Amino acid sequence: NIVTGDHSGVVHYALDAYLEYPFASGDMFHFYSSFIRFNYGGDYVSRWAGTGTHGYFQAGYYLKKLNAMPYLAVQQGDYDGYIDPVRSYDVGVNYYIHGHNCKLTLEYHHVSGDPREAGISTQDDVLSQLRLQFHIFI
């Protein structure tokens with residue numbers, strides 16, 4: 001496919017913050033936040049981004065005795081091409097079998113306000129899933 005048009009004005013700005021705070025017990029607090037301003041041109045929206053702003057926040061607490069980390073993640077995209085913002089949240093827990101090299105994740109995922117999800121949802125513009133994932137890195 002050939003893309004035509006002037007794309008020289010594409011500009012992105014981002015600000016990220018990350019913190020891991022360890023406790024004497026071996027537990028750890030984890031925090032990550034990101035704010036991004038995308039400019040792809042007027043009213044542009046794609047599968048994962050669009051012209052407008054996008055915010056992401058994630059917090060978790062690693063429990064050393066359980067070798068697990070419950071977490072919460074929240075996102076919001078305010079895209080010029082949509083009237084309402086796109087919002088999502090994830091609530092889950094990671095169980096570390098062998099650190100990040102081998103872990104099991106159970107997560108509830110919910111997205112609202114995204115017409116791109118309407119084709120696979122039970123309600124208009126809403127998608128909810130319960131996910132069980134096994135991660136292995138060799």
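## Basis of the model

The structure is a predicted model, in which local features need pLDDT of at least 70 and side-chain atom pairs count only at pLDDT 80 or more, whereas totals for chains, interfaces and linings use all residues. Residues are numbered from 1 along each chain as its sequence is written, and side-chain values use heavy atoms, with hydrogens and water left out.

## Overall composition

The protein chain has seven strands and zero helices. Here helices (H or I, at least four residues) and strands (E, at least two residues) are DSSP runs, numbered from the N terminus. Read from the N terminus, the order of elements is β-β-β-β-β-β-β.

Of the 138 residues in the protein chain, 29% are buried. Buried means under 20% relative accessible area, exposed means over 50%, and partly exposed lies in between (1.4 Å probe, protein chains only). The protein chain exposes about 9,300 Å², of which carbon and sulfur atoms supply 60%; accessible areas come from the Shrake-Rupley method with a 1.4 Å probe, and for residues only the protein chains shown count as cover. Among contacts (heavy atoms within 4.5 Å) in the protein chain with a separation of 6 or more, 42% are between residues 24 or more positions apart.

Two strands are said to pair if DSSP finds at least two bridges between them. Strand β3 (residues 52-62) and strand β4 (residues 68-79) run antiparallel and are joined by nine bridges. Within this pairing, T53 stands opposite D78 in β4. The hairpin of β3 and β4 has five residues between the strands, and N67 takes a positive phi near 55° there.

Strand β4 also runs antiparallel to β5, with ten bridges joining the two. The hairpin that joins β4 to β5 passes through six residues.

Strand β5 (residues 86-96) continues the arrangement by pairing with β6 in the antiparallel sense over ten bridges. Five residues lie between the strands in the hairpin of β5 and β6, where G99 takes a positive phi near 60°.

Strand β6 in turn pairs with β7 over eleven bridges, again in the antiparallel sense. V111 takes part on both sides of β6: S88 stands opposite V111, and V111 stands opposite L127 in β7.

## The salt bridge

Side chains of opposite charge can pair when their charged atoms come close. A salt bridge is counted when a side-chain nitrogen of Lys or Arg is within 4 Å of a carboxyl oxygen of Asp or Glu, and by this rule the count comes to one. The partners are R131 and E107, whose closest N and O atoms are 3.1 Å apart. R131 lies in strand β7 (residues 126-136) and E107 in strand β6 (residues 102-112), so the pair ties together parts that are 24 residues apart in sequence.

The two residues have these accessibilities: R131 is partly exposed, with a relative accessible area of 27%, whereas E107 counts as buried at 8%.

## Residue P22 in strand β1

P22 belongs to strand β1 (residues 11-22). At 51% relative accessibility, P22 counts as exposed. Apart from its neighbours within four places in sequence, P22 is in contact with D27 and M28. The C-alpha atoms of P22 and Y61 are separated by 9.9 Å, and these residues are 39 residues apart along the chain.
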